[in-house]
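Student: I've got a protein structure open and I'd like to learn how to read it. Could you walk me through a few features?

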Amino acid sequence: MADLRALFSSNNPSFDAAEAFTDRQHQWALVASALEEHLRHTAGRGFDVEDLEAPRTNVIVFHGVGGVGKSTLLRKIEAALTTAEHRPDQWGAPTWTQQLLPIRIDLARSASTGSDFERVILTIRLALAGELGRTLPSFDVALRHYWEHVHPGEPLDEYIRRTGLTGRFAEMLPQQLQAGVGEVAAALALPGLVGSAAGQLTSALVSALRERQARAQALAGAVRTAALLEATPDLEALSYYPHLLAWDLNQLPAKKRLTPVILLDTFEDTGDRHRDFERLLQRLVWLMPNTFFVIGGRSRLPWADPALHGQLDWTGPTSWPGLATSSATAVPQPRAAVQAGRQHLIGDLSPEDCDAHLARRLTLDGQPLIDADIRAAITARSHGLPLHLDLAVSRFLEIRRTDHTPTPGDFDCTFPALLARTLSDLTPDERHLLRSVALLDAFDLDLATQTAGLTHQAPARRLAERPLVTENPYALWPYHLHRAIRSAVRDDDHSDDRWTDADWHRAATRALAALGDQWTNAATLAPSRMLLVACLRQGLRLARDHRLTGLGWLIEAAFVYTDDSVWEPLALPTATTEAPDTPADAVAELLTAIARRQREHRQRTADRLTAVLDTGLLPAELTEMALYYRAKAHKDLSQNDAARAGMQQVANTGGRLALKARRGLANLARLAGDFPTALAAIPALGWKGRHHRVLGDIHWSHADTAQAINAFEAGRAEAEQHGAAGERAMTQVRLALALSFADPTRAGDELALAHQLLDGLDQRSNTLLAQVVALIKDAGTDGTPDRAQSLHTDIEAAGLPFLHRFVELALAFHHAVRGEDQDLAATISRLRELTATGDFAYFTDIAHFMAALPLPEPSTTRWTKNEDDVRSAWRGLVQARQEHLLAGN
């Protein structure tokens, strides 16, 4: 089918503009499955078209945000049910053989004409008139009676033309109504009634039915026909006449039998305060159980909600079992899955479907007119919303008309029409809430209400029930706006009630405070790492993007985030490459740099932190944090003079990180071979200074495995007591390290636990250290040197040069165990080069001790015990490994 709007947007007739329908195979599968079930049900012996108590399963609902493609889907389903040639090949052939009559009704058009339910009924009857070519006597007599009462003196055919219902079957309906009168008159053996008033015929038919005349009952013998004809022929009565229509259809001869499939589009336009129109439409669905209904609208159909009792005739899950399923609020299912319920959210198109849609929409000589790079830009900005794709196609043609060649940058925009469509059916409170939650990546009802500055949650609950909000009940904050709509709201500069910059700033301030309240209140009851990180991500972005000055809780949250060394990513969307120019910018850059150090070269981390410090924008407390983590980066880079200066500066401030800085100084003393100084610092460190970890590092360096194990186990227990997952993992890796030299079997078990504890913590240096531990555990076996070389490559890429020394120490142990003197000599030479600055120089001493080699010159290392005892302990570990390998063979 040609897209006439696109076709008439250009003077160039050489390109083809087609209405591109993107694969909705999943939705077709849902319709086909439900329709097959309906046909089996109505063909069964137990089916009774006059049963008004049986639950109804003759309806399926597709709902979704405006512009997602509901109307297009219903039009395609209508075409596919009409002729096979209009059915996409990928949809496959249906299994049913029964004759179907699809009838699509645009309820928006019905509402706009003011005729509403009359129009719906006449549309259905007109379609049946053309398909059947025969009268439906019970219904036709009732309709004629209604018409003469409600529209006296107005011929039906004239009304049909006036209201826009004209078509090739328009003149057939009045003729069939007249024929129906004749059939009834003949059945009653009263030919004189053919030209009489409808009321006289109706009275005669009612009398005949009450007297149980066989011919009358055969022609119009539904149990409730007489009662319906006796009722005052008004709109209320008309809404029950579909019961007669269903009965008439059920009486058709087998060769004429068909199943109507009525597609009710834009169901949201039936909404009013008292659900008057919706109540009439529900009667239509309930009273025609042999008809299948496909409903499309923006919201779920709430008929299974018991709370609507009294507003509609049939409510609750017993009446509408298929509508009671909560598939609308469940986590989206895989595309190929077929859900059991009858309410289905029309989701966004996949990137592949978006590209296919744009490629087929405009073509020139069989090739896409829109280039691939432009299609990719449109797809990315649309977030899968079909309306955005259509608007982008219009923009593409508009740009071409200006003799400008479209580029991907031309489509980095939103469209006012998309927002106008979204806002059209929202209340003022909901519009205010929509803009408020557009500030948030995700939200719950409380967060939305506080951000909007409202005192009650009802508007937030109503907004959350609309399809422009997606719900994931398993998420921390279950709701989030459709991303394309969120962008349109944020970029709005056209709508009458658009926000000013001051409005956005005030809302962002409220949102930041609401996030802080959630985190603070939760931390008081039960600290949640997940909530902390989520609040930080949203809070930092809000503070940065809206240049907020009251950082408040963000400072405390920053310390809590860094305290446990877990390092979940804090990368913020739309991050700027410019230097920070507000305190919020500086804080966001600080925490991003600290978190990303696990995925960036440590030199990059040091440079970023230096840049942040140079701005002078950080609050005093967080200046201390930047200094500390820059010093840690310098240590990892083996720039230990800079690391000592930084740690000493932090320690001298006496602030929150002073104990950690003193631990850093103790570790730096150990790295320089000054073990007594490191040991002397431990009593003042305590838990916050990770005293057990520092002590364990001293003991394993002396080959005092038992003492090292005790220290690391104590540190692990203390970390568990404080709920410090990051520290527990780090201590576990070091426990495995101490054991890897002395007990490879137990080391394997402890290393497995270390990997479990590291999972999800993003501790890159400890993950690499765990791989070193695996090398040491396997020392003496084949393949160790190759593994070491691969590990060197990973360490270099991570920017963690201090770990090269650990790999070489592992190789020294390996070669000493195997008695490979030349390889050991080469390893010691590399170690000497790596420790030329003095840091880790004791590793070179240990390598000599392992092989019982004399030191080439007096050592500068200050051990905590006699050097000969340390030499003997390391040599003993090598001999124990040799015995272990011999026993294994």
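This is a predicted model: local features need pLDDT of at least 70, side-chain atom pairs count only at pLDDT 80 or more; totals for chains, interfaces and linings use all residues.

Student: Which residue forms an aromatic pair with Trp 320?

Tutor: For that, we look at how ring centres and ring planes are placed. A search of the whole structure finds 25 aromatic pairs. In one of them, Trp 303 and Trp 320 sit 5.0 Å apart, centre to centre, with 50° between their planes, which makes the pair tilted. Both residues lie in the loop between strands E5 (292-297) and E6 (343-345), so the pair ties together parts that are 17 residues apart in sequence.

Student: Is Trp 303 buried or exposed?

Tutor: Trp 303 is buried, and its relative accessible area is 0%.

Student: What do ring pairs link together?

Tutor: They can join up into a cluster, and here the members include Phe 675, Trp 700, Phe 802, Tyr 842 and Trp 874. Phe 802 also has the charged end of Lys 635 over its ring, 5.2 Å from the centre. Elsewhere, the charged end of Arg 690 sits over the ring of Trp 687, 4.1 Å from the ring's centre.

Student: How about helices? Why is helix H13 largely enclosed by the rest of the structure?

Tutor: First, the general idea: an α-helix has 3.6 residues a turn, so residues three or four places apart point the same way. Now the case here: H13 spans residues 242-250, and eight of its nine residues are buried, so the helix is largely enclosed by the rest of the structure. Among the buried ones are Pro 242, His 243, Trp 247 and Asp 248.

Notes: Residues are numbered from 1 along each chain as its sequence is written. Side-chain values use heavy atoms; hydrogens and water are left out. Buried means under 20% relative accessible area, exposed over 50%, partly exposed in between (1.4 Å probe, protein chains only). Helices (H or I, at least four residues) and strands (E, at least two) are DSSP runs, numbered from the N terminus. Rings of Phe, Tyr and Trp (its six-membered ring) pair if their centres lie within 6.5 Å; planes under 30 degrees apart count as stacked, over 60 as edge-to-face and the rest as tilted. A charge sits over a ring if NZ of Lys or CZ of Arg is within 6 Å of the ring centre and within 35 degrees of the ring normal.
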